[in-house]
Amino acid sequence: MVVCPERCPRSQSCALRLRPGKGLRCGRGLFRMAMFAWAEVTLLPRWKEPLREKRVGAALDWLRGQGVREAVLPDAWQALARSRHIAPISRERALEACAGQAVQEACRALGLPLSGIGLAVCGRAVSQTAAGELLSLARLVRTVRVCGEGNDGLRAQLWRSCGIVDRGPMPGDIPVVALRLRGGEAPRGALLTVDLTGAAAEGDERVWSPVLLPPEGALAQMPPGLAPDAFAAALFAAGAVRSREIHVSRLDIPECTQYNKETIISC
C-alpha cells in the first residue's frame, strides 16, 4: 500500500475531504504465479490524525476485502494494519537472503579480494536464512568472527563445515569487513560495515545499507509509488522470486573517502 502526501489548492482539498473515493486508487497485478493487490491513498499535510487514519483505514479495508493478509506499507500505519489483521511484510528476511551478494559488492567497491578479508558478523541469534549465507561466505573469506549472543550453533557449524575456529580477536594483519544483523552493533576498526538492519546513521561513510532491486521483468509490474526494495521483499515473501534473482544496489566509494588505505594496500 502506498500513502502519498500531497499539497494542493484549497478547492481540491475540500473535494478530497468530501469525496473519500477521490483520493483512493486501487489495482491488481501479477508477476509469475504471485497475484497482488495495491492501494494508493492521498493524504494532505493539513489533515488531522482522525481523518488521515480514516482514509488509510479505507484503503486497508479494500485490501482486506481482496484477500490480502500481508502487505508492504509505511511504518506509521503498521499498527492500523495489524488491527485489520494485515501483517506488515518485513524486508529483513529478503536482505538476509542477499547477505552474500552485499558482502561481495562491498569487497568489490573496496578493491579487496574476498579471499583476503576477515568477516566480522554482528547479530543476536542469527536466523537460519542469514546463517546459510554466512556459511557460504565462510568458505570464500580468510576467516570469520561472530559477535553476539545466541550464536553457539552457528559457531559450531563454522567449525564443522568450514574448519574455522571462532575464538579470539580478528588477526591484525587483514582488513575487516563487518556484517551487521538484527541486534548487532557495528565493530570498531572495520573498513566498512554492511548494515542489514535499516538503522544505519545517515552520513556515516563507514556504514553501507544495501538496497534490494527486483528482477527487471518485475519492475514493469511494480505498483505506482512503491520503492523497488519493498517490491522485491514482497515478491520474495510470496515466493515469486528467489534470492539469487534479487540484486543489491551498487556501491561506489569516492576516492576522497578516508578509509585506512594502508591496510588495503598491504593486503
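Reader: What makes Ala131, Leu134, Leu135 and Ala138 in α6 meet α7, and which residues in α7 are involved?

Author: They meet Leu154, Gln157, Leu158 and Cys162 in α7, where contact means heavy atoms within 4.5 Å. This is a predicted model, where local features need pLDDT of at least 70, side-chain atom pairs count only at pLDDT 80 or more, and totals for chains, interfaces and linings use all residues. Residues are numbered from 1 along each chain as its sequence is written, and side-chain values use heavy atoms, with hydrogens and water left out.

Reader: How do the axes of α6 and α7 lie, and at roughly what angle do they cross?

Author: They come within 10 Å and cross at roughly 35°. Axes are lines fitted to C-alpha atoms, for helices over the stretch in contact, with angles from 0 to 180 degrees between N-to-C directions.

Reader: Which residues touch the most other members of the largest nonpolar core?

Author: Leu119, Leu134, Val144 and Leu179 do, in a core of 58 residues. A nonpolar core is a set of buried (under 20% relative accessible area, 1.4 Å probe, protein chains only) Ala, Val, Leu, Ile, Met, Phe, Trp, Tyr and Cys residues joined through side-chain atoms within 4.5 Å. Beyond four places in sequence, Leu134 contacts Leu119, Val121, Val126, Leu154, Leu179 and Leu181.

Technical notes:
Helices (H or I, at least four residues) and strands (E, at least two) are DSSP runs, numbered from the N terminus. Buried means under 20% relative accessible area, exposed over 50%, partly exposed in between (1.4 Å probe, protein chains only).
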